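Have a look at the model, then read on.

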Amino acid sequence: MAGSHPRCGFVKVDSFFKRPSNFMFVTSKGCFSDTLSPNFTLRELTRTSTGLSNEPHDYTVVANLRQVAEQILEPVRKHFNQPVIIHSGYRSPAVNKAVKGSARSDHCHGRAVDFHVKGFTNYDVVCWMADNIKYHQLILENFLPNSPTSGWVHCAIFKGMDPKVQTKF
């Protein structure tokens, strides 16, 4: 098939706004499905406003992002029954440096996500998550009690590690 990747047969990009539902990212390391879970895509968790490339080039990163989508974002979406707006998921080293992220950031490994839930305070979201989600790190960042829509939720998960190691809010 002309214009397709030889290993997986999917066209890399039809157009920016209208891509096939079975779209796959094609990188030098292989093909990665855009669908991470029923409500979240790889594109959502790799979006950046820096203008820098932010495509993961390692299947482990994609597997971590799938775990974040399935074990953190999907339960939040189901419980609150509202869209979950992703601020930051995976960060390539260049993106992480541009946003002045920590050199040891879980975002660089696809193990963390920053988000908010439309129509709910971030405080309400982290309170529910603290009791209902298995996580490694849960932080309410930049939240101001007198400004209900301020800040965001940061949550990280590690495969095989004890949950609820760090909670800050």
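1. D114 is buried, at a relative accessible area of 6% (buried is under 20%, exposed over 50%, partly exposed in between, with a 1.4 Å probe and protein chains only). Keep in mind that this is a predicted model, where local features need pLDDT of at least 70, side-chain atom pairs count only at pLDDT 80 or more, and totals for chains, interfaces and linings use all residues. Residues are numbered from 1 along each chain as its sequence is written, and side-chain values use heavy atoms, with hydrogens and water left out.

2. What does D114 pair with? Its side chain forms a salt bridge with R91, at 3.6 Å from N to O (the rule: a side-chain nitrogen of Lys or Arg within 4 Å of a carboxyl oxygen of Asp or Glu). R91 sits in the loop between β5 (84–88) and α3 (93–98), while D114 belongs to strand β6 (residues 112–117), so the bridge ties together parts 23 residues apart in sequence. Helices (H or I, at least four residues) and strands (E, at least two) are DSSP runs numbered from the N terminus. R91 is buried too, with a relative accessible area of 13%.

3. The salt-bridge count is two. In the R111–D106 bridge, the N to O distance is 3.7 Å. Here R111 is partly exposed at 21%, whereas D106 is buried at 12%.

4. On to the cysteines: how many disulfides are there? The structure has zero, taking a disulfide as a pair of cysteine sulfur atoms within 2.5 Å. C155 is buried, with a relative accessible area of 0%, and C108 counts as buried at 18%.
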